[in-house]
Amino acid sequence: MLPWVVHRTRLPLLSRRCVDCPSGSATTGDGRFRVNANGKLLDVWLLVRCVRCDRTSKLTVHERTPVASFDPAELHGYHVNDGRLVASTLLDPALARRNRFALDWTDAWRLDATPVPLGEAWPIRVEVVLRDPIPVRPDRLVARGLGLSRAEVERRVKCDVPMRRSRIAGFAFTLMSVR
Ligand SMILES: [Zn+2]
């Protein structure tokens, strides 16, 4: 079994219409939260800005949530703008649903494809692991990793999942022969 791994290389952009300009793209930049206390309730936002006009807007992460219900480490992370917390917050599908945006993964990931060793016995099984919930289309990913056209992929690859449907989970495929 050959391992292939899909890595995130940076945070994805957000597809989201700006209220001030025609841009449809926003970024978390360095990643900043804003925490606002109101009595024993907290609001937490993730700040994003338009890539074109820099207008900053707030995405709701927690709304009027009792302070006592927060994990102290998580709360600390919001206060110090912890990078891992920024990433996990942005990639949580619940945030996108609540704030009506989609993630734009263009150029934000990389495929590390182990080359097929010479003299390997055919057929060859490859397992693709996704380290982050990055939507990939198996046919495109396999074509890229093997340096084949999509027509060749269709002929030579047997995949365990539908190849033309984007997915955010790993999968495995079998490469049938060299030619
Ligand atoms: Zn703008």
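Two strands pair if DSSP finds at least two bridges between them. By this rule, β8 and strand β10 (residues 171–175) pair in the antiparallel sense, over five bridges. The model described here is predicted.

The protein chain holds five helices and ten strands. Its radius of gyration is 21 Å, whereas a compact globule of 179 residues would have a value near 16 Å. Along the principal axes, the C-alpha atoms fill a box of roughly 65 × 40 × 25 Å. Of the 179 residues, 20% count as buried. Contacts were also sorted by separation in sequence. Among those between residues at least 6 apart, 64% join residues at least 24 apart.

The domain assignment divides the protein chain into two parts. Domain 1 covers 2–7 + 107–175, and domain 2 covers 17–100. The C-alpha centres of domain 1 and domain 2 lie 34 Å apart.

The pairing of β2 with β6 is antiparallel and rests on three bridges. Here Ser 15 stands opposite Ala 102 in β6.

Nonpolar side chains tend to be buried together in soluble globular proteins. In this model, the largest nonpolar core has 16 residues. Leu 14, Ala 26, Val 44, Leu 46 and Val 48 have the most contacts inside this core. At least two core residues come from each of β2 (13–15), β3 (25–38), β4 (41–50), β5 (56–66) and α2 (83–91). β4 supplies the largest share, five residues. A second, separate core has 13 residues, including Val 126, Ile 134, Val 157 and Phe 173.

Val 44 is in contact with Phe 33, Val 35, Val 61, His 62 and Tyr 78, leaving aside its neighbours within four places in sequence. Val 48 lies in strand β4. Val 48 has 23 other C-beta atoms within 10 Å. The cut-off for a buried residue is 20 or more, so Val 48 counts as buried. With neighbours within four places again left aside, the contacts of Val 48 are Leu 14, Ala 26, Thr 27, Thr 28, Ser 57 and Leu 59. Val 48 and Leu 91 are 43 residues apart in sequence. In space, the C-alpha atoms of Val 48 and Leu 91 are 14 Å apart.

Strand β1 (residues 2–8) and strand β8 (residues 124–130) run parallel and are joined by five bridges. Within this pair, Leu 2 has Val 126 in β8 as its bridge partner. Val 126 is also one of the residues of the second core. β8 pairs with β10 as well, in the antiparallel sense. In that pairing, Val 128 has Phe 171 in β10 as its bridge partner.

Terms used
Residues are numbered from 1 along each chain as its sequence is written. This is a predicted model: local features need pLDDT of at least 70, side-chain atom pairs count only at pLDDT 80 or more; totals for chains, interfaces and linings use all residues. Helices (H or I, at least four residues) and strands (E, at least two) are DSSP runs, numbered from the N terminus. The radius of gyration is taken over C-alpha atoms; the globule rule is 2.2 Å times the number of residues to the power 0.38. A residue is buried if 20 or more other C-beta atoms lie within 10 Å of its own, exposed if 12 or fewer, and partly exposed in between; C-beta atoms are placed from the backbone. Two residues are in contact if their C-beta atoms, placed from the backbone, lie within 7 Å. A nonpolar core is a set of buried Ala, Val, Leu, Ile, Met, Phe, Trp, Tyr and Cys residues joined through C-beta atoms within 7 Å. Domain bounds come from an automatic or database domain assignment.
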